[in-house]
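Me: I'd like to learn how to read a protein model feature by feature. Could you walk me through one?

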Amino acid sequence: MTVQDLYPTRAGRQPVLMYRNDDPVTFGTEEDGLLDAETLNNYAENGFTNVDQLLSPEELPTYQNELNRLLVDEALDGDDRVVREKDSNEVRSIFEIHKISEIFNQIITDERVAGRARQILGSDVYIHQSRVNYKPGFRGNPFYWHSDFETWHAEDGMPRMRALSVSIALTDNRSYNGGLMIMPGSHKTFVSCVGETPEEYYRHSLREQDIGTPDETSLAVLAEKHGIEVFSSDAGSATIFDCNCMHGSNGNITPFPRSNLFVVFNSVENTCVEPFSANKPRPPFVASRDFTPVTPR
């Protein structure tokens, strides 16, 4: 079955700013879950919402201990799911974390997380990607500006903008240690990128992305229109944001690490097809092809 490419990218010689098609941002109502109508409306307008204390103070040490345990887990030595910084060899990310760690799987599939995703996306959801991101003190590298959807569409074959990310802070996230930056409202504009996708590009892009990143002129236009919000939040909080939000984070030269649990939920009504701008899909540990819905718990 041929699926129309509504968001062409990595094909032309010039980047293009295009309005989001008729893809809604929110699908559910306040009767469907934990988010009230005002929060849902603000999410639709800005592209994100924050949960001040998703993890209780009593729960938090369990997840922090698991975060630290994984860093020294010999069973993960040489595992492709472990991505290291290009210059320091420090662990940057561990992917498919919901399969590696039952502790992290429990919170990812909890109604506080998956339930909010179902409410916003208006359907059952599956885990498109999960990982922990480590941004160690002194040596944590930046994540350059990008829209996740551009990559998921181009390289994974995600047809429409009916997905979201949940980032759970496992350490304090501050403006000075590489906290998340988002351009509020930028999710309403799709930025096509230039440059063809190289073979097995994920091996490079998970450490440092250049193909699939927006050009400086487009970023300047979006920043001028929407501004930039820098998130400062305590450990245990969470940020939920739309798949097309323009976001990034600075490097971390402070002594204070910034580590987050990160999960992507996609609607089961928006499952991936063949990539729109790559020769083959990325490996399942980066972009799942298992569309089994998350079971409510």
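Reply: Happy to; we will go through cores, a sheet, a helix, salt bridges and ring pairs in turn. Keep in mind that this is a predicted model.

Me: Let's begin with the inside. Which residues touch the most other members of the largest nonpolar core?

Reply: The general idea is that in soluble globular proteins, nonpolar side chains tend to be buried together. Here the largest such core has 40 residues, and I94, I168 and F265 touch the most other members. Helix 5 (residues 111–121) gives the largest share of this core, with five residues. There is also a second, separate core of 19 residues, including Y126, F190, C245 and V264.

Me: What is I168 in contact with, leaving aside its neighbours within four places in sequence?

Reply: Its partners are L54, L55, I107, V113, S237, A238, S259, N260 and L261.

Me: How many salt bridges does the structure hold?

Reply: There are 19. As a general idea, side chains of opposite charge can pair when their charged atoms come close. Take R160 and D23, whose side chains meet at 2.6 Å, N to O. This pair links distant parts of the chain, 137 residues apart: R160 sits in the loop between helix 6 and strand 7 (163–169), and D23 in the loop between strand 1 (17–19) and helix 1 (37–46).

Me: Are the two partners buried or exposed?

Reply: D23 is buried, at 8% relative accessible area, while R160 is partly exposed, at 28%. K99 is exposed, with 54% relative accessible area, whereas E96 counts as buried at 12%. These two also belong to a salt-bridge network with D79 and R81.

Me: And the aromatic rings: how do I tell what kind of pair F149 and F190 make?

Reply: Look at the distance between ring centres and the angle between the planes. Here the centres are 6.1 Å apart and the planes stand at 75 degrees, so the pair is edge-to-face. F149 is in helix 6 and F190 in strand 9 (residues 189–191), so this pair ties together parts 41 residues apart in sequence. F149 is buried, at 0% relative accessibility, and F190 is buried with a value of 0%. For contrast, the rings of F241 and F262 have their planes at 55 degrees, so that pair is tilted. F241 lies in strand 11 (residues 238–242) and F262 in strand 13 (residues 258–267).

Me: Which residues do ring pairs link into a cluster?

Reply: Y7, F149 and F190 form that cluster. Across the whole structure, a search finds nine aromatic pairs.

Methods: Residues numbered from 1 in each chain as written. Predicted model: local features only at pLDDT ≥ 70, side-chain atom pairs only at ≥ 80, totals over all residues. Heavy atoms only, no water. Core = buried A, V, L, I, M, F, W, Y, C linked by side-chain atoms within 4.5 Å. Buried < 20%, exposed > 50% of the residue type's maximum accessible area, 1.4 Å probe, protein only. Helix = DSSP H or I, 4+ residues; strand = E, 2+ residues; numbered from the N terminus. Contact = heavy atoms within 4.5 Å. Salt bridge = Lys/Arg side-chain N within 4 Å of Asp/Glu carboxyl O. Phe/Tyr/Trp six-rings, centres within 6.5 Å; stacked < 30°, edge-to-face > 60°.
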